[in-house]
Amino acid sequence: MKAMQEPTFMILTALADSPQHGYGIIADVQRISDGRLQLRAGTLYAALDRLGADGLVAADHEEIVDGRLRRYYRLTDDGAAALATEVDRLRQRTEIAARRLAGRPQQLGWSS
Amino acid sequence: MTVNKASLEDRYRRILRLYPADHRRDHEDEMIGVLLADDRTRPDLRDVCDLAWGALLIRLRRATGTFSEERWHDAFAIVGIIAPILLIGLSLRPLASNVGKFVFSHRLVMHGTTPLRSAEFLAEEELLWLAFCAVAVLALLGVRRVGTVAAFALPAVTVGLMFSSYGALSWQAAASADLPVVLSLLTGVALWASPPARHGRHLLGRRVLILIPIVMAYDVETIEWPTFPALHNGSLVVVTAATVLTIVGVVSMLRSAAGRRACALLTVVLSCLLYSAAPIVISAAPLRVVAFLIMVPLAGFTIAATGIRLLERAAEGLRR
């Protein structure tokens with residue numbers, strides 16, 4: 001399986017615990033990434049189109065707010081499995097990195 | 001709604017015309033909602049570029065069909081394992097037959113009888129089968145670049161030999177290479193389109209073990225006399241066991257989306273097999289090559305892929 005791209009990972013993470021509408025996903029991704037990743041509508045809906053076709057997300061329900069349609073998206077079981085696989089992969093990498101950092105020789109005080 | 005907001009909405013709707021009609025029908029209103037959620041008076045340039053990029057991505061997805069889907073990637077990875085194993089089976093069969101006949105003919109020479117086939121002819125034909133085996137081994141070892149080039153080059157060489165009047169390959173031998181040519185091409189496509197071979201092995205799991213007895217049974221049943229005459233005694237048992245194992249393997253694969261797509265891809269081989277067994281087979285060389293390499297595989301795959309898509313849509317409809 002190919003490594004997941006960051007926007008995909010973030011969108012699936014945003015949908016992991018509850019369904020969200022488009023703007024909700026954008027705001028949540030910004031929050032999760034500490035403002036580092038700012039999704040825009042074009043990127044988001046291209047990603048949702050691909051993830052929907054891959055069966056990783058699906059439309060959940062719709063509501064009308066201020067006369068405008070809001071469609072909520074949810075993570076499917078396949079989406080949850082794909083996210084869990086990616087989380088495991090990232091965890092393995094970070095554990096290796098942490099182990100190697102812990103084994104790094106201490107720098108001596110007099111070096112600048 | 002203020003005049004500014006209405007004007008902004010009109011501008012965004014004009015930009016959204018870049019999107020395919022079906023996407024606009026399903027998502028235009030909610031995208032407008034997202035775009036208008038921020039307090040802007042005119043479209044942000046980055047938003048415009050992002051919308052154009054999104055439209056391009058979606059149109060490309062529609063244009064290239066569904067082959068970029070993860071399920072198709074996985075299907076190609078599965079086929080990248082199955083096709084080379086079948087290719088090895090198909091190539092070993094004539095190789096074993098020829099070696100057997102060669103040994104047998106030398107025994108006849110020793111007894112003062114004319115050999116069945118010349119050693120030179122056997123060597124030339126065997127080179128072809130060994131080359132097909134090499135392609136399959138490269139694919140199974142995950143040597144993608146060299147394997148892909150070899151998997152496409154070898155069929156080209158074989159077809160060239162079929163048409164070459166001075167070719168080293170007899171028409172009979174070339175004609176029997178039809179199926180290996182198709183399998184080699186399928187292996188090439190799978191290597192080109194799929195992730196590494198270990199992913200295919202991971203997806204297939206223990207099911208890959210079913211393939212080996214099926215291929216062995218096929219080889220044992222079709223190796224020509226006089227190589228292993230004793231092995232033909234248990235025909236019915238071997239064929240039945242191989243058929244049952246094949247059905248078990250196919251049913252097991254049909255349970256996953258990637259497995260179903262892999263089955264659709266393997267229909268290419270099945271349709272060629274059925275075509276070979278059909279009472280009306282085109283015998284003229286150019287038409288035979290066109291039929292075998294293009295028409296029959298394409299027709300088989302199209303029917304299988306369409307069938308799978310319709311079944312999945314029906315299942316999805318029932319779930320809703």
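At 74% relative accessibility, Arg145(B) counts as exposed, where exposed stands for over 50% relative accessible area, buried for under 20%, and partly exposed for the range in between, with a 1.4 Å probe and protein chains only. The structure is a predicted model, in which local features need pLDDT of at least 70 and side-chain atom pairs count only at pLDDT 80 or more, while totals for chains, interfaces and linings use all residues; side-chain values use heavy atoms, with hydrogens and water left out. Residues are numbered from 1 along each chain as its sequence is written, and chains are lettered from A and ligands numbered from 1 in the order in which they are written.

Arg145(B) belongs to helix α6 (residues 144-163) of chain B, helices being DSSP runs of H or I with at least four residues and strands being runs of E with at least two, both numbered from the N terminus. Although Arg145(B) and Leu191(B) are 46 residues apart along the chain, their C-alpha atoms are separated by 8.2 Å. Chain B as a whole contains 13 helices and zero strands, and of its 320 residues, 42% are buried.

Side chains of opposite charge can pair when their charged atoms come close. Over all chains, the structure holds 19 salt bridges, a salt bridge being a side-chain nitrogen of Lys or Arg within 4 Å of a carboxyl oxygen of Asp or Glu. One of these joins Glu9(B) to Arg68(A), with the closest N and O atoms 2.6 Å apart. This pair crosses between chains, since Glu9(B) lies in helix α1 (residues 3-15) of chain B and Arg68(A) in strand β3 (residues 68-75) of chain A. Glu9(B) counts as buried because its relative accessibility is 11%.

A salt bridge within chain B is formed by Arg13(B) and Glu28(B), whose closest N and O atoms are 2.6 Å apart. The two residues link distant parts of the chain, for Arg13(B) is in helix α1 of chain B and Glu28(B), 15 residues apart from it, is in helix α2 (residues 21-35) of chain B. With a relative accessibility of 23%, Arg13(B) counts as partly exposed, whereas Glu28(B), at 14%, counts as buried. Both pairs take part in a network of salt bridges that links Arg68(A), Glu9(B), Arg13(B), Arg24(B), Glu28(B) and Asp29(B).

A further salt bridge connects Glu312(B) with Arg261(B), the closest N and O atoms being 2.7 Å apart. Here too, distant parts of the chain are linked, with Glu312(B) in helix α13 (residues 285-319) of chain B and Arg261(B) in helix α12 (residues 257-277) of chain B, 51 residues apart. Both Glu312(B) and Arg261(B) are buried.

Leu56(B), which is placed in helix α3 (residues 45-63) of chain B, counts as partly exposed at 42% relative accessibility.
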